Amino acid sequence: MLTDSKQNAVEIYNFTKFYGDFASCKNVNFTAKKGSITGILGENGAGKTTLLKAICGLHYPSEGRILVCGSEDAAFFRKQVGFVPETPELPASFTVLETLFFSAKQSLANFDKSESKEKIAEAIKECSLQDVINLKVKQLSKGFKQRLSLANALVKNPEVFILDEFSSGLDPAQMAKLRILIKKIAKKKAVILSTHRIEEANQLCDSIYILKKGEIVASGSLSEILLQTKTKSLEKAFLLFSGENNENS
């Protein structure tokens with residue numbers, strides 16, 4: 001388990017995933033630290049989802065190793081990782097409160113109603129859901145659904161949060177509020193953010209991995225990536241690998 005804020009919450013060594021003869025990810029090396037936000041930047045089809053599913057314990061490596069909080073047990077991953085998908089997967093007929101209680105009961109090994117109430121109350125406060133707790137999920141805006149999806153993960157109290165294209169469909173005000181919350185969560189947890197939005201990676205991430213066709217083509221802090229790619233912005237570094245821009249300045 002994690003004992004030091006500098007210790008890696010996620011460690012991946014030479015991860016390769018085959019689907020038949022096709023390698024969705026090839027020899028990926030990756031780390032995510034507790035107390036930081038790690039970005040995975042790549043176009044659609046770059047292998048981001050394959051990598052995230054492996055960290056969530058939803059499938060196994062064809063080759064290589066994955067450790068979450070020091071363990072290689074996929075069942076353990078599922079307890080320690082909170083996944084927030086691009087499209088919230090929530091029960092439409094449940095109220096916000098019912099959804100969180102259901103999530104707590106499903107995810108907490110030793111369900112205690114009193115303890116769960118405390119966790120749910122904290123998640124509601126953190127995600128600013130106080131005004132909608134009695135509304136049904138189907139009545140919520142996209143922004144509130146994303147907040148509820150994040151609250152579901154908070155109730156589970158994982159060590160690692162994975163956000164997959166979390167800002168898709170949100171307006172600028174909703175995005176700004178969620179960014180503040182994500183930064184707050186990252187003070188104590190490891191946050192992994194998958195995105196194809198350059199501005200998100202710029203504003204949120206302490207370290208960034210750029211994926212192209214299943215391989216890591218650049219990684220490090222923003223300044224390290226700019227040095228590696230000899231470019232002057234993350235956007236130009238990303239475009240360099242996407243083949244859409246051949247300029248280095």
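**View 1. The end of helix α8.** Just after α8, K230 takes a positive phi of about 55°. Helices (H or I, at least four residues) and strands (E, at least two) are DSSP runs, numbered from the N terminus. The model is predicted, so local features need pLDDT of at least 70 and side-chain atom pairs count only at pLDDT 80 or more, while totals for chains, interfaces and linings use all residues. Residues are numbered from 1 along each chain as its sequence is written, and side-chain values use heavy atoms, leaving out hydrogens and water.

View 2. An α-helix has 3.6 residues a turn, so residues three or four places apart point the same way.

**View 3. The largest pocket.** A pocket is an open set of points on a 1 Å grid over the protein atoms alone where a 1.4 Å probe fits, with protein on both sides within 12 Å along at least five of seven lines; lining residues have an atom within 4 Å of a point. The largest pocket holds about 720 Å³ of space, a volume being the space filled by probe spheres set on points joined across faces, edges and corners. Its lining has 25 residues, and V81, F83, S103, N152 and K156 are those that lie nearest the centre of the pocket. Which elements each supply at least two residues of this lining? They are helices α1 (48–55), α2 (74–80), α3 (96–107) and α5 (142–156), together with strand β5 (81–84). Helix α3 provides the largest share of the lining, with five residues.

**View 4. The second largest pocket.** The volume of the second largest pocket is about 360 Å³. Its lining is made up of K119, E122, A123, E126, L154, N157, F161, L181, K184, I185, K188 and K189. Two or more of these residues come from each of the helices α4 (113–126) and α6 (172–185). Helix α4 gives the largest share of the lining of this pocket, four residues.

**View 5. A121 in helix α4.** Residue A121 lies in helix α4. A121 has a relative accessible area of 44% and is therefore partly exposed. In sequence A121 and A151 are 30 residues apart; in space, 9.9 Å separates their C-alpha atoms.

View 6. The relative accessible area of C69 is 3%, so C69 is buried. Although C69 is not a glycine, its phi is positive, about 55°.

**View 7. E165 in a loop.** The loop between β6 (160–164) and α6 contains E165. The phi of E165 is near 50°, a positive value in a residue other than glycine. E165 has 8% relative accessibility and so counts as buried.

**View 8. T95 and its contacts.** T95 sits in the loop between β5 and α3. With 13% relative accessibility, T95 counts as buried. Which residues does T95 contact, leaving aside its neighbours within four places in sequence? The residues in contact with T95 are I133, N134, L135 and K136.

**View 9. The whole chain, for orientation.** The chain has nine helices and nine strands. Its C-alpha atoms fill a box of roughly 55 × 40 × 40 Å, taken along the principal axes. Of its 249 residues, 49% count as buried. Among contacts with a separation of 6 or more, 65% are between residues 24 or more positions apart.

Methods. Buried < 20%, exposed > 50% of the residue type's maximum accessible area, 1.4 Å probe, protein only. Contact = heavy atoms within 4.5 Å.
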